[in-house]
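Visitor: I am new to this structure. Please take me through it step by step.

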Amino acid sequence: MPPVALSWDADAGMLVVTDTSSGRSVRAAPASLCNYGYDRKVLDDKGKEQGQRVYGLAALNADGLVLLDIPGGWSAGGVAAFASASGMPYVNALAEPARRVRTVLAGRAPGYNRFVSGPVSRLTARQRQIITYGVGAAGLVVMIVLVSTVGGAGWRGLSWLGRFLLDLLEVKLLAIFFAPLLVVIRPVQGVLHRSRTRRGEILGPPGGPNLQVRKDRFLRVRPARPLPPEDIPIGADVGKAMALLVYRYADLSGLFIMTAGDLPLRHIPGPWSPDEAHAFAAKQGLAFSLRTLTREEYLDLVTRTGDALP
């Protein structure tokens, strides 16, 4: 049985997407279904770029905005048959240019949802943080005890076993246990990052996406890993970054990197602090605007943008 199943509620005119392993489901009322696929570069564990193909299914509203994004491989024939039986148009974007697919996926509709199959954690963010620091502290205590009793060889042996288990299990908490200094390093990194943010040297969370300006006047767009950073030249010429636009539209928010001619170069949806964005723009010599967009303005920016980080 596939991990995600589609069904159609004809009475309500709703698409129902269900995780067959957990029973979790979401509902949407799309105007069309779109199969997408595009190539991108990702960084491996050694920081080298590798090619990766991304597949998924998007439920679009009448404006072509994404109501629901469902990553994963989908049979084009199967989705087309399902859409036809449900009375919805079908869009095959498997051969579309990568930039075009990314801009469409970043054009989120009000009420946007991304459905990822898998178990849902019942822990709150605060509870996960407590567990993480508890595991790290336990690893730190074990390291100190081993080093003080049997020497560094004892901890090196246990660390070797930990790396072996990580290769087999890929469990994040094991990484924290066998690298307990992360418990110390991460808070320090967080303090340094917040200090740089207040000074306007960086914009966005530590893990990305965030923006920085290089000494050679390139705006570095750093997505969340494993995506590699992208550098956009700053200036008043065509194709160069000159302004930041932080927007709100309905329940959506995001950021556009704009040219001097008011052309959107990049669209990065998600929460962005207007105050921090203004401080960053002022520090780096970029223009800044904060706007509540109308539907028409939002559609115009989304469709004209050169690329996006969906």
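Guide: A nonpolar core is a set of buried Ala, Val, Leu, Ile, Met, Phe, Trp, Tyr and Cys residues joined through side-chain atoms within 4.5 Å. Buried means under 20% relative accessible area, exposed over 50%, and partly exposed in between, with a 1.4 Å probe and protein chains only. This is a predicted model, in which local features need pLDDT of at least 70, side-chain atom pairs count only at pLDDT 80 or more, and totals for chains, interfaces and linings use all residues. Residues are numbered from 1 along each chain as its sequence is written, and side-chain values use heavy atoms, with hydrogens and water left out.

Visitor: Which residues touch the most other members of the largest nonpolar core?

Guide: This core has 26 residues. Elements giving two or more residues to the core include strand 4 (32-43), strand 5 (49-60) and helix 2 (98-106); helices (H or I, at least four residues) and strands (E, at least two) are DSSP runs numbered from the N terminus. A second, separate core of 19 residues includes Leu203 and Phe280. In the largest core, the residues touching the most other members are Tyr36, Ala58, Phe256 and Tyr298.

Visitor: Is Val101 buried or exposed?

Guide: Val101 is placed in helix 2. Leaving aside neighbours within four places in sequence, Val101 is in contact (heavy atoms within 4.5 Å) with Tyr36, Gly37, Tyr38, Ala93 and Glu96. Because its relative accessibility is 5%, Val101 counts as buried.

Visitor: What separates the C-alpha atoms of Val101 and Asp39?

Guide: Along the chain, Val101 and Asp39 are 62 residues apart. Between their C-alpha atoms, the separation is 9.9 Å.

Visitor: Which element gives the largest share of the lining of the largest pocket?

Guide: On a 1 Å grid over the protein atoms alone, a pocket is an open set of points where a 1.4 Å probe fits, with protein on both sides within 12 Å along at least five of seven lines, and lining residues have an atom within 4 Å of a point. The largest pocket is lined by 34 residues, with Arg40, Arg102, Leu227, Ala308 and Leu309 nearest its centre. Strand 5, helix 2 and strand 17 (307-308) are among the elements giving two or more residues to this lining. The largest share, 5 residues, comes from strand 4.

Visitor: How many helices and strands does the protein have?

Guide: The protein has 310 residues, and 37% of them are buried. Its secondary structure comes to 8 helices and 17 strands.
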